[in-house]
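This briefing walks through one protein structure, topic by topic. Please keep the sequence and the 3D view open while reading.

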Amino acid sequence: MPISINPSEEREQQINLHHVQMNKWNAKEQWHPMGHPNDSLKNPPLIITKGKGVHIEDIDGNSYVDGVGGLWNINCGYGRAEIKEAIIKQMDELVYYSTFRGTSHPRSIELSHKLLEMTKVENMRRVFYSSGGSDAMETAMKLARQYWKILGQKDRYKFISLKDGYHGTHFGSSSVTGNARFRRAYEPALQGCYHIDSPWMYRNPFTEDDPILLGQKCAEQLERMIVHLGADTVAAFIAEPVLGAGGVIVPPENFYPLCREICDKHGVLFIADEVICGFGRTGEMFGSRGTGVKPDIMTLAKGITSGYIPLGATLFNDRIDDAFANNNDSIGSIAHGYTYSGHPLACAAALASLDIVEKEDLPGNASIQGDYMMSRLKTFEDKFASVGNVRGKGLMVAIEMVSDKKTKKKVGKPYVASIYKKTLERGAIVRTSGNNLIISPPLVIQKEDVDVIVNALERAFEEVIL
Ligand SMILES: Cc1ncc(COP(=O)(O)O)c(C=O)c1O
C-alpha cells in the first residue's frame, strides 16, 4: 500500500529529488574550470539560483552575502534594472552585427568613446574588443608583438611578468601567468615568457620590514632580466596593479613607478592587466592610476559589464596608435579578432554599467567599505593563531592562513574547507585559493553587509580549531 503523504510533503520530496538530480547531472555531465572532475561528486558545488543586490540564493533557498562578487565581476550588484533595460532595448534594436573590417554598430562606437574618455589620463587612444580577460590579454600580447614588427624590431617578442601574476588561461595568457599550476597539464607553453619575483611583503626573500627596499629589489630584477635577455628582444612587461588570483598582493608604492622607468629606459612596453582592478575595485577607477603609472596597454573585462554579459577590451595608447597609423604595409593590418568583438548586447550592458559606476561613485564606495572591512579583518592577525596575514586594497582582500606564524607554514586543505563551510553557514560566501581566503564583494556593498561577511568569518575562525 502506498504511503500517504500530504501535498506539502509531496512538494518537498519533489524538490529534494530535483536537487539530487541536479547535483548528479552536474557531477556526471559538467566539467568545471579549475577543479578535478571527480571533485563535483565528493563536494557538490553550491547551485546558485538567484541574485539581488549583494545577496545570492542557492537551490535550497539559503541566502548569502556574496563576498566573491560572482568572480570579482558583479561590481554593480545583481538585478540592476538599468543594465537589464539597456540589454533588452539593444535586443529589440539589433541583437548582433560584426565589427570586422567593413561594418560597425552604434553601441561599440559609443563604448569606445566612453572608454577613451575614462582613460584620457593614461593617453589611451584605441579600443579592441573581445569576450573576456584571457581574450583581452591575448590581444594585448599579439598586438604588442605586431607593434614591434611594424617598427622593424622583429626580435622584440619576449614578455616578462610576475611569478604570482594571473593573466588567464589561453596559451598566451597562461604562459605569462606566474603560477606553473595553470600550465603544467598543457605545456609546452608559449615561447619567450619569463617571470620575475613578485614584490610580496609577507613572503619575500629580501627584506623583513621595508616595503620600499622590496619594491626596489624586485624592480632591479626586472631590469636585470631585460638586460639578460637583451633589451632588443623584449616586447613588454606585464603586471596586474594589485595581483588578484595570486593572493591579493599589493606591491610597495615605488615598485610600478620604478618598473615604468626601467621599461622606458629600455624601450619596453608596459601592459597593465586591469581585468580585476579596472572600474573601481581597488578604490581608484583603474588600478594603475592608483600606482601613478601610465601603461601603454590596458586590458579590461569583468567589471566592464559588471558581469552581465561577457566582454573584454584592450586599450592602446598614443605611442602604439601612432605606430599603426604611420604604417601602410600589410604587417600593420590587424589579423586578429573575434566573432564577438564588440557584441552589441555586451556593449549596451557596459555603457549602462559604467554609468552606474560613475554616478554612484563605486570606486569611492570600494575605498570606504574596503577600509572599513580591512580595519576589522586586520584584528584577526592578533586574534587567531591561523591568520598569518590580512592584506588588500579597496574591495579586494585576502586572509592568508598558516599553521605556524613563525615559519609561515601554510594550513592544509581540510582547515581551509572547514573555515569556508562555517562562513557559509553564517550567511556569507568567500573564495578559497590555496591557503588564502579571498574577499571581493560587489562594489555597491554597504557597511551592514560588510559586517555580515566579517562576522561570519570571525565565528568561523573561533569555531574551527587549528
Ligand atoms: C588579472 C586577470 N587577468 C585575466 C583574467 C582572465 O579573464 P577571463 O577569465 O575572463 O578570461 C583574469 C581572471 O580572473 C584575471 O584575474
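A cis peptide bond joins Glu187 and Pro188, with omega at about 10 degrees. Pro188 sits in the loop that runs between helix H7 (171-176) and strand S6 (193-196). Helices (H or I, at least four residues) and strands (E, at least two) are DSSP runs, numbered from the N terminus.

The model is predicted: local features need pLDDT of at least 70, side-chain atom pairs count only at pLDDT 80 or more, and totals for chains, interfaces and linings use all residues. Residues are numbered from 1 along each chain as its sequence is written, and side-chain values use heavy atoms, with hydrogens and water left out.

- Met34 has a phi near 60 degrees, a positive value in a residue other than glycine.
- Met34 is found in the loop between helix H1 (7-29) and helix H2 (39-42).
- With a relative accessibility of 48%, Met34 counts as partly exposed; buried means under 20% relative accessible area, exposed over 50%, and partly exposed in between (1.4 Å probe, protein chains only).
- Lys408 is not a glycine either, yet its phi is positive, at about 60 degrees.
- Lys408 is partly exposed, its relative accessible area being 21%.

**The seven-stranded sheet**

- Seven strands form an open sheet in the order S4-S10-S9-S8-S7-S5-S6, and the pairing is mixed; two strands pair if DSSP finds at least two bridges between them.
- Strand S4 (124-130) and S6 are the edge strands, each pairing on one side only.
- From one strand to the next, the twist averages 20 degrees; axes are lines fitted to C-alpha atoms, for helices over the stretch in contact, and angles run from 0 to 180 degrees between N-to-C directions.
- Strand S8 (residues 269-273) and strand S9 (residues 297-300) run parallel and are joined by three bridges.
- Ile271 stands opposite Ile297 in S9.

- Strand S1 (residues 48-52) runs antiparallel to S2, and four bridges join them.
- The bridge partner of Ile48 in S2 is Asp58.
- Two residues lie between the strands in the hairpin of S1 and S2, where Gly53 takes a positive phi near 60 degrees.
- S2 is also joined to strand S3 (residues 63-66), by three bridges, and these two run antiparallel.
- The bridge partner of Glu57 in S3 is Ser63.
- The hairpin of S2 and S3 has four residues between the strands, and Gly61 there has a positive phi near 85 degrees.
- In a regular strand the side chains alternate between the two faces of the sheet.

**The ligand and its surroundings**

- Which residues are around the ligand? They are Gly132, Gly133, Ser134, Tyr166, His167, Gly168, Glu240, Asp273, Val275, Ile276 and Lys302; a residue is near a molecule or strand if one of its heavy atoms lies within 4 Å of it.
- This shell divides into three nonpolar, five polar and three charged residues; Ala, Val, Leu, Ile, Met, Phe, Trp, Tyr, Cys and Pro count as nonpolar, Asp, Glu, Lys and Arg as charged, and the others, Gly among them, as polar.
- Gly133 has a backbone N or O atom 2.8 Å from an oxygen atom of the ligand.
- Ser134 places a polar side-chain atom 2.6 Å from an oxygen atom of the ligand.
- For Lys302, a polar side-chain atom lies 3.1 Å from an oxygen atom of the ligand.
- Taken alone the ligand exposes 390 Å², and the protein buries 81% of that; accessible areas come from the Shrake-Rupley method with a 1.4 Å probe, and for residues only the protein chains shown count as cover.

**Two residue pairs**

- Glu400 lies in strand S12 and counts as buried, at 1% relative accessibility.
- Glu400 and Asn16 are 384 residues apart along the chain, and their C-alpha atoms are separated by 37 Å.
- Val121 lies in the loop between helix H5 (106-118) and S4 and is partly exposed, with a relative accessible area of 46%.
- Val121 and Asn62 are 59 residues apart along the chain, and 44 Å separates their C-alpha atoms.

Notes. Polar contact = N/O pair within 3.5 Å; in protein donor to acceptor, adjacent residues only side chain to side chain.
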